[in-house]
Amino acid sequence: MKPLLTTLAFSAAIIPLSHGITTFGFENPNLATTSGTPLPSVLTIQNAYWETQDEFGDLLAIPGFRADVGSAVAMDPSLAGYGPAISGKALDGTSSPVMFTFASALNLSNFGVNLDNSTFGNIQQIGGNPAFGTNILFYDATDNLIGYIGLDQSIAGFTVTNDLGSYSNVSKIILPSGAFYDNLSFNAQAVPEPGTTLLGSLWVLALLRRRRA
């Protein structure tokens, strides 16, 4: 029984624990300001557009979202003719998608967001992928689509609360255009360094051998 206990205790030390919920309320001029658990990566929040061609007019092998010249802003949605925010200000995604870019990839286990209290929205994104439209998109660092979550911008205060299971190596999150977003949250973990799990497993085996000797 003791060798098993030793293995479990050591395994707990090498397996990433649940990171906790990080929440964005968008009340602060610094949109990346969070509450809850600190985010394990530097985050940039920008408006975005869908790019299909390079600077020479040739089609890109993998089209993707690129940062727009303007920075994303937060404001009271009612000032733009939308319904009031869930709390104070909300992130403005009315004219173009909003892109969350992580400096280092993260593993996400759940995701949530609220829309403002209006029935506007459902502006379709440009792109040939059926996941586009009014879906929240998750990409890796090479612009491969990992997965998506549907939302209905025509329902006032629509809430997305989704257990992702496991979205690995997420580098970008795209919020579709046509709405204001509030109280965005997710559970994120840093991606383990390559070889970390293997090294930990070797140490476990070494300990077991010493116990049996």
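Predicted model: local features only at pLDDT ≥ 70, side-chain atom pairs only at ≥ 80, totals over all residues.
Let me begin with Arg66, which is partly exposed at a relative accessible area of 23%, where buried means under 20% relative accessible area, exposed over 50%, and partly exposed in between, using a 1.4 Å probe and protein chains only. Residues are numbered from 1 along each chain as its sequence is written, and side-chain values use heavy atoms, with hydrogens and water left out.

Now to the charged residues. Side chains of opposite charge can pair when their charged atoms come close. A search of the whole structure turns up three salt bridges, a salt bridge being a side-chain nitrogen of Lys or Arg within 4 Å of a carboxyl oxygen of Asp or Glu. In one of them Arg66 pairs with Glu51, with the closest N and O atoms 3.1 Å apart. That pair links distant parts of the chain, since Arg66 sits in strand β4 (residues 59–71) and Glu51 in strand β3 (residues 43–53), 15 residues apart; here strands are DSSP runs of E, at least two residues long, numbered from the N terminus. Glu51, for its part, is partly exposed, at 22% relative accessibility.

Because Asp143 lies in the loop between β8 and β9 while Arg66 is in strand β4, the pair ties together parts that are 77 residues apart in sequence. Asp143 counts as buried, at 12% relative accessibility.

Asp143 also forms a salt bridge with Lys172, where the closest N and O atoms are 2.9 Å apart. Lys172 belongs to strand β10 (residues 159–175), and 29 residues separate it from Asp143 in the loop between β8 and β9. Lys172 and Asp143 are both buried. Through shared partners, the salt bridges join Glu51, Arg66, Asp143 and Lys172 into one network.

Tyr139 stands opposite Leu145 in β9.

Turning to the nonpolar side chains, the largest core has 31 residues, and Phe111 and Ile173 have the most contacts inside it. By nonpolar core I mean a set of buried Ala, Val, Leu, Ile, Met, Phe, Trp, Tyr and Cys residues joined through side-chain atoms within 4.5 Å. The elements giving two or more residues to this core are β3, β7 (98–115), β8, β10 and β11, and the largest share, eight residues, comes from β7. Leaving aside neighbours within four places in sequence, Phe111 is in contact (heavy atoms within 4.5 Å) with residues including Ile136, Phe138, Ile149, Ile173 and Phe186. A second, separate core of seven residues includes Met99, Phe132, Leu137 and Tyr139.

I will end with Ala190, which is found in strand β11 (residues 179–190) and is partly exposed, at 41% relative accessibility. Ala190 and Leu39 are 151 residues apart in sequence, yet 8.9 Å apart in space, C-alpha to C-alpha.

Technical notes: Pairing = 2+ DSSP bridges. Helix = DSSP H or I, 4+ residues; strand = E, 2+ residues; numbered from the N terminus.
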